[in-house]
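Hi,

Here is the structure I said I would pass on. Have a look at it first, and then read on for what turned up.

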Amino acid sequence: MARPFPQRAAMYAHARFSGDLFACLPAFLLALLLCAWAVCIPAAAQQRVERYGMYEVVLKGKDAGNPFIDLELTATFTRGGERYTPEGFYDGHGTYRVRFMPPAAGQWTYVTHSNHPDLDGKKGAFTAVEGANKGPVRVADTHHFAHADGTPFRPFGTTIYEWAFQPEPKKLETLATLKKAPFNKARMLAVPPYKPGYVEGPGKLTEFPFVGTSRDNFDFSRFNPAYFRSLERDVKRLSDLGIQVDLILFRPYDKGQWGFDTTSDAVNQRFVRYMVARFAAFQNIWWSLANENSYIRHLADEDFDRYFQIVQKYDPYQHLRSIHNADRIYDYNKPWVTHVSLQYYNAVKVFGVSPMLRDMYRKPIVHDEINYEGNSPSRWGQLSGEELTRRFWVALVGGAYATHGEVLESGKVRGWIAGGGQLAGTSPERIGFLRKIVEAGPRRGLAPIDQLFVMNAAGEPGEYYLYYFGDDKPAEFPFVLPVKGLRKGMKFRADIIDTWNMTVTPVPDAFEIGEPPRYRVADVDNRVIKLPGRPYMALRIQRVGDMPKAAPEPARKPAAGAIVEEEL
């Protein structure tokens, strides 16, 4: 029969410790001592964190010198043959942190390394466990994205550049809006732009990235940890909503006031490393090196090359990296760039540009600014909801992705892209409708079907076709498909999609492919699909039934003197 817990605790305590003091203590008191002893076991040995979650080593040390310049702090995390060594950072008030995102489940150990005696040689352990976290987003299948666990990720982004600098009620309003919105990626600034409303009035900022309150007293050698803790909280809030954060490190919007966009190369390098140390362990981070980089006049592409390489070197998890252009397009072919983040409006006004960009860069193409739905006096913020939705469709059937923005101004308030709040436009609901269609499509993502001759169709040859007609108003669609991937006897079903009214109407007939000729193949009965003759219509065609067996092809030799033509 098992002894009651107090008796077992007393026996363990008596065996564990020698001396009459413990032998004379009552059993219940020994039990309390045992519990207290168990609590005193190093906390790290008992801690569990979700795979791709965040484990944090928190250390205390003297605040001597300038820890933003003089400090060297890393920790080596080990599991079997896996080793990661992220940099740590100073978080103010004598507190130092090293953050780690465990990429695998199991037991991890760590040891710290520092030129600060109080921080060096600290050891610990924790367990990473499997959970619902899918991990950071990475490039997949050359032109698309997936989480680290292999789950496909289709970015349907929005733009909320300044929401992190708003009063708390406005932030909560933004989060409530995003909870119901279709967006899974948000572009946001890491550093506020200068605006009079941030200097005085109800929106006055009290914390800045650097110690100080104005250009007259900013100390660019010291970061302000309180500012970054607030930014981290907002990144975490978006993560809790399943939203990836396209975090913009540099921007050109100070107008000679604060000087955040004219800092020296030494300050910029420290800033980049500090940002990586603080934010790389968040699974939902994408690094955007700059917004409209060429408007930061004192920085050349060679400077951004250097900052890219710093991010690449110090981010142990290799989060996605890109840069947003203005009048000079950065060379996205460079090896440290993972995907194209493009501001080039004409690329989504017409079919065919996105497929060309895919071929040029061999990387995912994200049109991160395609103009905005709005009533702004600025020409970039004057799109109708119909036009912004149309541009999304043009991007997607080109095998690329797009990012939403809204500038519905009221008085001096610029609307969603500036500070978040509420969405008032007509495009978000339609973009959400498109997202559902895309995510229900091919797992590998949409790819141009025949980009040399069929500009408005994407999918997976032989399996799935998504045609978008944009402003055109066809009354019918002859059931004719590009020949790639098709075999005689394949059967297909079709749906007519009204992208503006958000309806899907199945076509009652099934269609069967005849003998494929050289370029295009029609339904065996040459049937057509009747369309309503309205703009913004699309057609989804999906194969049904078993795959017909391929007939053996007889060996054929060209006749003497014949010219053999090969088609790409």
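A quick definition before the details: a residue counts as exposed when its relative accessible area is over 50%, and as buried when that area is under 20%. Please keep in mind that this is a predicted model.

Let's start with Arg-362, which sits in the loop between helix 9 (353–361) and strand 20 (365–369). Its relative accessible area is 51%, so Arg-362 is exposed. Leaving out residues up to four places away in sequence, Arg-362 touches Thr-142, His-143 and Leu-357.

Now for strand 26 (residues 464–468). 5 of its 5 residues are buried, so the rest of the structure largely encloses strand 26. Tyr-464, Leu-466 and Tyr-468 point one way, while Tyr-465 and Tyr-467 point the other way. Strand 26 runs antiparallel to strand 25 (residues 454–460), joined by 4 bridges, and Leu-466 is the bridge partner of Ala-458. The hairpin of these two strands has 3 residues between them, and Gly-462 there takes a positive phi near 80 degrees. Strand 26 also pairs with strand 34 (residues 537–544), again antiparallel, over 5 bridges; there, Tyr-468 partners Ala-538.

Last, the helices. The axes of helix 5 (residues 168–180) and helix 6 (residues 225–240) come within 11 Å and cross at roughly 20 degrees. That makes the two helices roughly parallel, and their crossing is right-handed. The residues of this contact divide into 4 nonpolar, 1 polar and 5 charged.

Cheers

Definitions and conventions
Residues numbered from 1 in each chain as written. Predicted model: local features only at pLDDT ≥ 70, side-chain atom pairs only at ≥ 80, totals over all residues. Heavy atoms only, no water. Axes fitted to C-alpha atoms, helices over the stretch in contact; angles between N-to-C directions. Parallel < 35°, antiparallel > 145°, perpendicular 65-115°, else oblique. Left-handed = near helix turned anticlockwise from the far one by under 90°. Nonpolar A, V, L, I, M, F, W, Y, C, P; charged D, E, K, R; others polar. Buried < 20%, exposed > 50% of the residue type's maximum accessible area, 1.4 Å probe, protein only. Contact = heavy atoms within 4.5 Å. Pairing = 2+ DSSP bridges.
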